[in-house]
Amino acid sequence: MDSNLIRVWKEASEDLGFEIQAPFLLQFSPNRSIAAHFLVPNFGARNGMIIVTDYRAIAPFVRDIVALGYGYSTFGDYADGTQYDRDTYIKILSDWGWTGEERDRPAWIAPFDEELAE
């Protein structure tokens with residue numbers, strides 16, 4: 001599942017010092033699983049954010065995904081030549097929020113602004 005999406009997210013993870021697990025298989029039972037492009041642990045939900053390019057692939061499993069402590073997000077695959085932009089990924093990850101150990105929280109995460117959330 002190598003793609004421009006994974007390439008750019010790997011560059012972001014190396015620059016910003018967060019982890020991605022690519023590819024990522026989420027097993028619900030011996031006969032039920034979903035294959036995601038990758039997982040971003042420590043962001044968005046207790047067990048991290050599952051990233052897919054087609055919501056239809058996970059739609060039947062959304063309740064199970066959330067019940068297992070994962071969040072999810074859909075990104076279209078990036079066009080050839082798409083470049084990593086640090087500020088964009090800081091905004092995305094800050095928006096998802098840090099869910100890892102507080103002592104490991106990256107300094108670059110923007111603080112939550114309650115006024116913007118209203």
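This is a predicted model: local features need pLDDT of at least 70, side-chain atom pairs count only at pLDDT 80 or more; totals for chains, interfaces and linings use all residues.

Tutor: Let's start with glutamate 102, which counts as exposed at 56% relative accessibility (exposed is over 50% relative accessible area, buried under 20%, partly exposed in between, with a 1.4 Å probe and protein chains only). Residues are numbered from 1 along each chain as its sequence is written, and side-chain values use heavy atoms, leaving out hydrogens and water.

Back to glutamate 102: its side chain meets that of arginine 105 in a salt bridge, 4.0 Å from N to O (the rule asks for a side-chain nitrogen of Lys or Arg within 4 Å of a carboxyl oxygen of Asp or Glu). Arginine 105 is partly exposed, at 33%.

By this rule there are 5 salt bridges. Another joins arginine 86 and aspartate 15, at 2.8 Å. Arginine 86 sits in helix H3 (residues 86-96) and aspartate 15 in helix H1 (residues 4-16), so this pair ties together parts 71 residues apart in sequence. Helices here are DSSP runs (H or I) of at least four residues, strands (E) at least two, numbered from the N terminus. Both partners are partly exposed: arginine 86 at 38%, aspartate 15 at 37%.

Then there's arginine 32 with aspartate 64, at 2.5 Å. That one links strand E2 (residues 32-36) to helix H2 (residues 62-67), with the partners 32 residues apart. Arginine 32 is partly exposed at 34%, and so is aspartate 64 at 27%.
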